[in-house]
Amino acid sequence: MIDDGPETFTIGQLARRTGLPVRTIRYWSDTGALPPVGRSHGGYRLYDAGCVARLELVRTLRELGLSLDDVRRVLAREVTVAEVAAAHVAALDAQIRALRVSRAVLSTIARRQSDTQETTLMNKLARLSARERKQIIDDFTDEVFAGLGDTNPHFHARVRGVAAELPDDPTPLQVDAWIELAELVEDEAFRALMRRVAETNSASFRERSREPAAYLAFAKKVALLAGGAQERGVAPESPEADALLTELLGAGADRATLLERVGVGPDLRVERYFQLLAVINGYEQPPSAAAAFQWLAAALRAHVGS
């Protein structure tokens with residue numbers, strides 16, 4: 001019991017002094033975060049100036065989101081404020097990322113006018129952890145390249161070039177892209193298509209050159225010559241197309257073999273895969289080459305053996 005000595009305060013006086021509700025101070029006192037220094041003759045809990053300072057610290061830590069358990073650990077000097085703050089920063093970062101994903105998913109749902117089934121799927125895919133998203137892509141690429149030890153490194157890098165983690169502040173477009181990509185790589189027909197493309201690139205790469213630039217050089221040449229012909233309206237079966245194939249491939253080229261190789265390449269789903277990667281990773285989308293390769297395949301079919 002305290003009658004003399006340093007000034008003491010009842011809970012009511014503390015409430016008036018700090019602006020905190022009486023029941024909040026009483027609760028913190030009951031949980032041990034703010035123990036009284038004694039009792040009055042009437043049995044009321046009493047607090048001194050040190051308790052006032054402690055109360056202000058408790059209020060600050062609670063306003064910052066710390067639990068009472070964490071507050072008690074800080075007050076008992078089991079951990080420092082800095083250590084607890086660092087842990088809460090990490091937790092808040094995770095919550096902020098989750099909120100940003102929620103915002104992006106809701107924006108996508110509103111824009112797509114999604115039904116309940118699509119909404120559930122989008123939310124599930126968007127909320128996968130970074131490890132789960134990476135696993136989806138790893139499973140896909142492992143199947144695509146299984147047993148192909150000598151693949152075109154440029155093509156190999158492009159196929160695997162997906163960010164395992166959505167940005168901290170993903171746009172609705174990036175959420176859209178990730179959802180579409182996840183659905184695409186789970187499609188068995190698309191997996192089989194990409195496997196054929198990988199096999200074609202592997203065989204072509206072994207025969208042509210081990211330099212990654214060779215693949216790029218050929219693709220650019222196709223875009224320039226075949227793409228230009230397609231834009232000009234040159235018919236694939238025309239003599240002009242035959243001459244262009246000779247310019248592109250060289251005299252005496254095995255057009256039948258090349259047709260077999262490029263025949264699986266122009267599928268728009270392959271190009272869409274790379275476009276989605278560009279959106280997710282935030283880099284410039286590659287220009288469309290599908291039309292050029294489709295024209296090339298048509299011209300080869302028309303002039304095999306020429």
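**Figure 1. The aromatic residues F140 and F190 are both buried in this predicted model.** The rings of F140 and F190 form a stacked aromatic pair, with 5.7 Å centre to centre and 10 degrees between the planes. F140 belongs to helix α7 (residues 130-145) and F190 to helix α10 (residues 188-208), so this pair ties together parts that are 50 residues apart in sequence. Planes under 30 degrees apart count as stacked.

**Figure 2. F190 also forms an aromatic pair with Y273.** The geometry of F190 and Y273 is tilted: the centres are 5.9 Å apart, and the planes make an angle of 35 degrees. Distant parts of the chain are linked by this pair, since F190 is in helix α10 and Y273 is in helix α14 (residues 268-281), 83 residues apart. Both F190 and Y273 are buried.

**Figure 3. Ring pairs join F140, F190, Y273 and F274 into a cluster.** A pair of aromatic rings is described by the distance of the centres and the angle of the planes.

**Figure 4. Helix α4 (residues 68-75) has the buried residues L68, D70, V71, V74 and L75.** These residues cover an arc of only 155 degrees around the axis, which puts them on the same side of α4. The elements that cover the buried residues of α4 include α2 (22-30), α3 (49-63) and α5 (81-112). Just after α4, R77 adopts a positive phi of about 65 degrees.

**Figure 5. Helices α3 and α4 pack with their axes 10 Å apart.** The angle between α3 and α4 is about 140 degrees. The two helices, α3 and α4, are therefore oblique to each other; angles over 145 degrees would count as roughly antiparallel. The crossing of α3 and α4 is right-handed.

**Figure 6. Residues of α3 and α4 meet where the two helices pack.** On the α3 side, the contacting residues are R54, L57, V58, L61 and R62. On the α4 side, they are L68, V71, V74 and L75. Each of these α4 residues, L68, V71, V74 and L75, is also listed among the buried residues of α4. Helix α3 is one of the elements that cover those buried residues.

Definitions and conventions
Residues are numbered from 1 along each chain as its sequence is written. This is a predicted model: local features need pLDDT of at least 70, side-chain atom pairs count only at pLDDT 80 or more; totals for chains, interfaces and linings use all residues. Side-chain values use heavy atoms; hydrogens and water are left out. Buried means under 20% relative accessible area, exposed over 50%, partly exposed in between (1.4 Å probe, protein chains only). Helices (H or I, at least four residues) and strands (E, at least two) are DSSP runs, numbered from the N terminus. The arc is that of the directions from the helix axis to the C-beta atoms. Contact means heavy atoms within 4.5 Å. Rings of Phe, Tyr and Trp (its six-membered ring) pair if their centres lie within 6.5 Å; planes under 30 degrees apart count as stacked, over 60 as edge-to-face and the rest as tilted. Axes are lines fitted to C-alpha atoms, for helices over the stretch in contact, and angles run from 0 to 180 degrees between N-to-C directions. Angles under 35 degrees count as roughly parallel, over 145 as roughly antiparallel, 65 to 115 as roughly perpendicular and the rest as oblique. A crossing is left-handed if the near helix is turned anticlockwise from the far one by less than a right angle, and right-handed if clockwise.
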